[in-house]
Amino acid sequence: MIIHKQMSKGPKIKLEKAMKVAHRFLTLIEPYTEKREIAGSCRRQCKDVGDIEIVCVEDPFNKLDNLFHGKYPGMVVNGPRLKRFKYPKSNIQIELYITSRWDYGRILAIRTGSSAYSHIQLAVTWNRHGWCGTSEGLRRKKECEKKGSVWKIKKDLTGPVTKPPRFDNEYEFFDFLGIPWIPPQERNWKSVHDELNY
């Protein structure tokens, strides 16, 4: 089960510096977002941080594209769900994950990680409950088909697609999975499979 995430291969920065940058970035995007939160290794309070990850819900009346134009300094990815910024001189990479109000808690949990925790605890659990992760959020596996490592809703599906409840926060998402919420700093799991440890 794959939860796609860019692996940070560059040098790491100290948590204190990363948190200062992350809070400045939160202030920058505040007028363009309904909610926003630091995720990743910053949220897990790791001493050394590769990427600074932020999860947000965009303001529908003042979109992030009003801020992040095509020539915004340092922006290397400008997609509808991911915007990435690289600043090699300071060894800083910022990843901004844009999600919907109803999937916010799930995406925050996934992007908080660790990657091994997201795979082993979160994705395996929703899979056991008969759900799969699609680009539109969790959907019933029986209503989807897998192409490679990607799940998509069946094109010939008749009737409405089954949707999970709304996840306004992590607590609602963990309740849905039937597992206890634990503080982010307790999610620094490692896997015996190296490809899950990033």
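Which ring does R106 lie over, and at what distance from the ring centre? The ring is that of W126: R106 lies over its face, at 5.3 Å from the ring centre. Bear in mind that this is a predicted model. A lysine does something along those lines too, with K35 sitting over the face of Y104 at 4.3 Å from the ring centre.

**Aromatic pairs and a cluster**

W126 also turns up in an aromatic cluster, together with W131, F167, F173, F174 and F176. Across the whole structure, a search finds 12 aromatic pairs. Here are two of them, side by side.

| Pair | Distance between ring centres | Angle between planes | Arrangement |
|---|---|---|---|
| F25 and F68 | 6.0 Å | 10° | stacked |
| F173 and F174 | 6.2 Å | 90° | edge-to-face |

Take the stacked pair, F25 and F68. F25 belongs to helix 1, while F68 is in the loop between strand 4 and strand 5 (75-78), so the pair ties together parts that are 43 residues apart in sequence. Both F25 and F68 are buried. In the edge-to-face pair, F173 and F174 are buried as well.

Leaving out residues up to four places away in sequence, F68 touches F25, L28, I29, M75, N78, K83, F85 and L96. The largest nonpolar core has 26 residues, and F68 is among those that touch the most other members, along with I29, I52, I54 and L96. Where does the largest share of this core come from? That would be helix 1, with eight residues. Helix 1 (15-29), strand 4 (51-58) and strand 7 (92-99) each put in at least two residues. Another core, of 21 residues, lies apart from this one, and its members include V57, I110, L122 and F174.

**Around helix 5**

F174 brings us to helix 5, which spans residues 170-177. Its buried residues are E170, F173, F174 and L177. Looking down the axis of helix 5, these buried residues fall within an arc of 95°, so they line one face of the helix. What covers them? Helix 2 (40-43), helix 3 (104-112), helix 4 (115-128) and strand 9 (137-140) are included in the cover over the buried residues of helix 5.

The ends of this helix are worth a look too. Just after helix 5 comes G178, with a positive phi of about 75°.

Which peptide bond is cis, with omega near 0°? It is the one running from G113 to S114. S114 sits in the loop between helix 3 and helix 4.

Q45 has a phi near 60°, and Q45 is a residue other than glycine. You will find Q45 in the loop between helix 2 and strand 3 (48-49). Is Q45 buried or partly exposed? With a relative accessible area of 46%, Q45 is partly exposed.

N91 is another residue other than glycine with a positive phi, near 60°. Its loop is the one between strand 6 (82-87) and strand 7. N91 has a relative accessible area of 34%, and is partly exposed.

Key: Residues numbered from 1 in each chain as written. Predicted model: local features only at pLDDT ≥ 70, side-chain atom pairs only at ≥ 80, totals over all residues. Heavy atoms only, no water. Buried < 20%, exposed > 50% of the residue type's maximum accessible area, 1.4 Å probe, protein only. Helix = DSSP H or I, 4+ residues; strand = E, 2+ residues; numbered from the N terminus. Arc of directions from axis to C-beta. Contact = heavy atoms within 4.5 Å. Core = buried A, V, L, I, M, F, W, Y, C linked by side-chain atoms within 4.5 Å. Phe/Tyr/Trp six-rings, centres within 6.5 Å; stacked < 30°, edge-to-face > 60°. Lys NZ or Arg CZ within 6 Å of the ring centre and 35° of its normal.
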